[in-house]
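Trainee: Please take a close look at one helix pair in this model. I would like the packing geometry, then its setting.

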Number of protein chains: 2
Amino acid sequence: METGLSEFGKVVIFGTGLIGGSFALGLKEVGAVEEVVGFGRTPATLRKAQELGVIDRAGINPAHEIGDADIVLVATPVAQMPEIFERIAPYLGPNTIVTDGGSTKGDVVAAARAAFKGHIGKFVPAHPIAGAENSGPAAARWDLYQGKKVVVTPLPENNDDRLDRIKRAWSLCGADIYELTPEIHDRVFAAVSHLPHLLSFALVHELAVRDDADLFFTFAASGFRDFTRIAASHPEMWRDICLANREALLGELDSYRAQLDELRVVLANNDGDALEQTFNIARQARRNWAGDQ
Amino acid sequence: METGLSEFGKVVIFGTGLIGGSFALGLKEVGAVEEVVGFGRTPATLRKAQELGVIDRAGINPAHEIGDADIVLVATPVAQMPEIFERIAPYLGPNTIVTDGGSTKGDVVAAARAAFKGHIGKFVPAHPIAGAENSGPAAARWDLYQGKKVVVTPLPENNDDRLDRIKRAWSLCGADIYELTPEIHDRVFAAVSHLPHLLSFALVHELAVRDDADLFFTFAASGFRDFTRIAASHPEMWRDICLANREALLGELDSYRAQLDELRVVLANNDGDALEQTFNIARQARRNWAGDQ
């Protein structure tokens, strides 16, 4: 649908906050989009997004906006995606590609399959890895994705052209593109993101419900600060992520519990060598990782 | 033994690095000490400490330095303390008070009792809570303890005068003084410091030994960074701390494992309300804690 010089004609964004808004601004920054239309939960948010130049106008009715869109990005919380997929499914045009910004993929793909059915090939799932400290249109930045990772998790039904166009759009925003299957994606993020959040919440909760909780918090210092920073994350959002990625998270949690069981035996046996070796392997891996960042 | 205007005459420091050196510099800064004598593992370290003004001179023989000392601070790694206690025990003078800077207390007190026997009242255990990123005399700073916490864990045998003098010395360094029993101290620090380190090491180790470890580390991001920062801590030091505080740490580890078992059930049951409530309590407690710091 490119009618001018831009690579993409119309881009429709559901959820014009940090993730969706930054995608729009990133494409605008390089002149890669002709028009951005936003949908959101409240008129106030859409007005704000328009004032800030994140979107060109607010959409009223998906029936009038989806058919001639090149890209539809659904960047809402994952829990809202099934309903949005149902709303837009009847209107996908011949050139419309739908993508998403959800941090879990198995559940999003399942919802997309249920809504898009035979047109599932038009849905290319993706997960941009970018901070989430702030939200709303005011948090959107054209350079949010510069040098950040975006994981695309293609479906067997995606043809190369559609896949390439979604990867191209994220590249234009400055992102480095990776490909994983939805299943591997979910396992990886369960291990390196969802589980650490669960563990951090668990530690603080376990202390907080003690009768003498104050005594413990009084002497918590810098190590506690680092370890528990993510326990200040948004409870509702993390509830949804944990439930959305439940199977993979349970698997990772069980691997971790087995690791703790082993360490308990090592400690109970006073086995300094095994303890030091475990710590050594961990430190080396952590240092290598930090050096690669 | 004050021969001049200073509150303390001679202070002897075993281990002239971050903890011991900063104690010396803190007392010197306010003119509260006449002479600081240092003992250390290598002549080079002691030379460096003297060059930097951390100590006035290096001690050669404890037999000549301990009897007229007002304070002897043992600020070495905890594992070296029993031997140092044995070396100095024969020479304690009538006004000598021994204290330490160890991050565990039950094991240090046991070693002190074994060495000092009937003179155990002259040993006032303490734990200054200060960062340990750097070490050696060059890391010592006069203001390290300004506004930091020092936990004194008095023994029944300590009389008020000795206890007050150790508290006073740390106050002169700018620290806020707290009192706990050695047992409560060890339980508190097992929970808020030693356990988080163990959990962080465990997470990184569990990923690092996987065949496909690289896949996981590739997608680790800011939450992982915070949670695992303490997994880059010194393996030998943390082995010693974990072993030294083994009983309390096993207790805290078991409480935490019980918490994880509960969360596993909640997750397996898809119980979003319970999950959100746990996260909410944790976030509120983490925020209250951070606000108090």
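Mentor: Start with handedness: a crossing is right-handed if the near helix is turned clockwise from the far one by less than a right angle, and left-handed if anticlockwise. Keep in mind that this is a predicted model.

The pair is H4(A), residues 81–88, and H5(A), residues 106–116. Their axes come within 9 Å. They cross at roughly 25°. Angles under 35 degrees count as roughly parallel, so H4(A) is roughly parallel to H5(A). The crossing is right-handed.

Now the residues. H4(A) brings Met81(A), Pro82(A), Phe85(A) and Glu86(A) to the contact. Across from them, H5(A) supplies Val108(A), Ala111(A), Ala112(A), Ala115(A) and Phe116(A). By class, that contact holds 8 nonpolar residues, no polar ones and 1 charged.

Next, the chain around the pair. Chain A has 12 helices and 9 strands. Its C-alpha atoms fill a box of roughly 70 × 40 × 35 Å along the principal axes. Of its 293 residues, 51% are buried. Take the contacts in chain A between residues at least 6 apart in sequence: 77% of them join residues at least 24 apart.

Finally, the partner chain. In chain B, 72 residues are in contact with 71 residues of chain A. Several elements of chain B give two or more residues to that side, among them strand E8 (149–152), helix H7 (182–208) and helix H12 (272–292). The largest share, 18 residues, comes from H7(B). The side of chain B that touches chain A divides into 45 nonpolar, 14 polar and 13 charged residues.

Methods
Residues numbered from 1 in each chain as written. Chains lettered and ligands numbered in written order. Predicted model: local features only at pLDDT ≥ 70, side-chain atom pairs only at ≥ 80, totals over all residues. Axes fitted to C-alpha atoms, helices over the stretch in contact; angles between N-to-C directions. Helix = DSSP H or I, 4+ residues; strand = E, 2+ residues; numbered from the N terminus. Parallel < 35°, antiparallel > 145°, perpendicular 65-115°, else oblique. Contact = placed C-beta atoms within 7 Å. Nonpolar A, V, L, I, M, F, W, Y, C, P; charged D, E, K, R; others polar. Buried ≥ 20, exposed ≤ 12 C-beta atoms within 10 Å, placed from the backbone.
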